[in-house]
Amino acid sequence: MESKVPLILLVDDEPNFLEILSVKLGAAGYKIETVESGDVALKKAKELKPDIILLDVKMPIKNGIETVAEMRQDAELKNAKVVFLTSYGDLRPGTVETDEKFAREIGALGYIRKTDDLDAITDKIRSFLK
């Protein structure tokens with residue numbers, strides 16, 4: 001029996017980041033769909049039912065936090081796996097745990113720093129999909 005290729009919905013308002021991460025994740029064996037806004041992400045998530053949604057925190061119009069809040073109020077999306085993508089994130093002792101706790105309290109599984117090495121990002125996504 002063939003295993004299903006995980007589908008990742010990648011949401012970010014930076015086209016260059018979308019392209020770079022899409023190529024990397026595609027090479028790692030994932031199917032990727034990209035969108036550039038929270039509003040479109042809500043529609044696409046309902047349509048595609050992705051295995052995980054990687055959602056940029058800072059976007060114009062509707063940011064990642066607002067998008068997750070809407071997902072958690074929607075019967076179709078309330079259980080969607082969401083991981084924040086962020087340029088924020090402090091690596092000092094104690095702050096990583098605080099950031100992870102904040103992400104979980106909002107309704108995400110955690111967060112990934114966009115500035116991390118692409119292999120590290122891929123590994124973290126793999127761990128969230130387990």
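What follows is a chat about that model.

Q: Before we start, what kind of model is this?
A: It's a predicted model.

Q: OK, start with H1. How many residues does it have, and how far does it reach?
A: Helix H1 covers residues 15–27, so to speak, with 13 residues. From its first C-alpha to its last it reaches 18 Å, close to the 18 Å expected at 1.5 Å a residue.

Q: Which residues of H1 are buried?
A: Phe17, Leu18, Leu21, Ser22 and Leu25. Looking down the axis of H1, those buried residues fall within an arc of 125°, so they line one face of the helix.

Q: And what's on the other side of H1?
A: Asn16, Glu19, Val23 and Ala27 are there, and they're exposed.

Q: What covers the buried residues of H1?
A: The cover includes strands S1 (7–11) and S2 (31–35), along with S3, S4 and helix H5 (118–129). After H1 comes Gly29, which has a positive phi, near 100°.

Q: Now H3. Which residues are buried there?
A: H3 runs over residues 64–72, and Gly64, Thr67, Val68 and Met71 are buried in it. Seen down the axis of H3, they fall within an arc of 95°, so they line one face of that helix.

Q: What happens at the start of H3?
A: A side-chain oxygen of Asn63 comes to within 2.9 Å of the backbone nitrogen of Ile65.

Q: Where is Lys62, and is it buried or exposed?
A: Lys62 is in the loop between S3 and H3. At 12% relative accessibility, it counts as buried.

Q: What does the Lys62 side chain make a polar contact with?
A: With the side chain of Glu70, at 2.4 Å. If you leave aside neighbours within four places in sequence, Lys62 is in contact with Gly38, Asp39, Leu42, Thr67 and Glu70.

Q: Switching to salt bridges: how many in the whole structure?
A: A search finds twelve. One of them joins the side chains of Lys44 and Glu47, at 3.7 Å from N to O. Both residues lie in helix H2 (residues 38–48), three residues apart, which is about one turn of the helix.

Q: How exposed are Lys44 and Glu47?
A: Lys44 is partly exposed, with a relative accessible area of 22%, while Glu47 is exposed at 56%.

Q: What does Asp74 form a salt bridge with?
A: With Lys46, where the closest N and O atoms are 2.7 Å apart. That pair links distant parts of the chain, 28 residues apart: Asp74 sits in the loop between H3 and S4, Lys46 in helix H2. Asp74 counts as buried at 18% relative accessibility, and Lys46 as partly exposed at 31%.

Q: And Glu76? What's its salt bridge partner?
A: Lys49, with the closest N and O atoms 3.3 Å apart. Glu76 lies in the loop between H3 and S4 and Lys49 in the loop between H2 and strand S3 (52–56), so the pair ties together parts that are 27 residues apart in sequence.

Q: Last topic: how do S4 and S5 pair?
A: In the parallel sense, over four bridges. Tyr111 in S5 is the bridge partner of Phe84.

Q: Which way do the S5 residues point?
A: Gly110 and Ile112 point one way from S5 (residues 110–113), Tyr111 and Arg113 the other way, and all are buried.

Methods:
Residues are numbered from 1 along each chain as its sequence is written. This is a predicted model: local features need pLDDT of at least 70, side-chain atom pairs count only at pLDDT 80 or more; totals for chains, interfaces and linings use all residues. Side-chain values use heavy atoms; hydrogens and water are left out. Buried means under 20% relative accessible area, exposed over 50%, partly exposed in between (1.4 Å probe, protein chains only). Helices (H or I, at least four residues) and strands (E, at least two) are DSSP runs, numbered from the N terminus. The arc is that of the directions from the helix axis to the C-beta atoms. A polar contact is a pair of N or O atoms within 3.5 Å; within protein, one must be able to donate a hydrogen and the other to accept it, and residues adjacent in sequence count only if both atoms are side-chain atoms. Two strands pair if DSSP finds at least two bridges between them. A salt bridge is a side-chain nitrogen of Lys or Arg within 4 Å of a carboxyl oxygen of Asp or Glu. Contact means heavy atoms within 4.5 Å. The expected span of a helix is 1.5 Å times one less than its number of residues.
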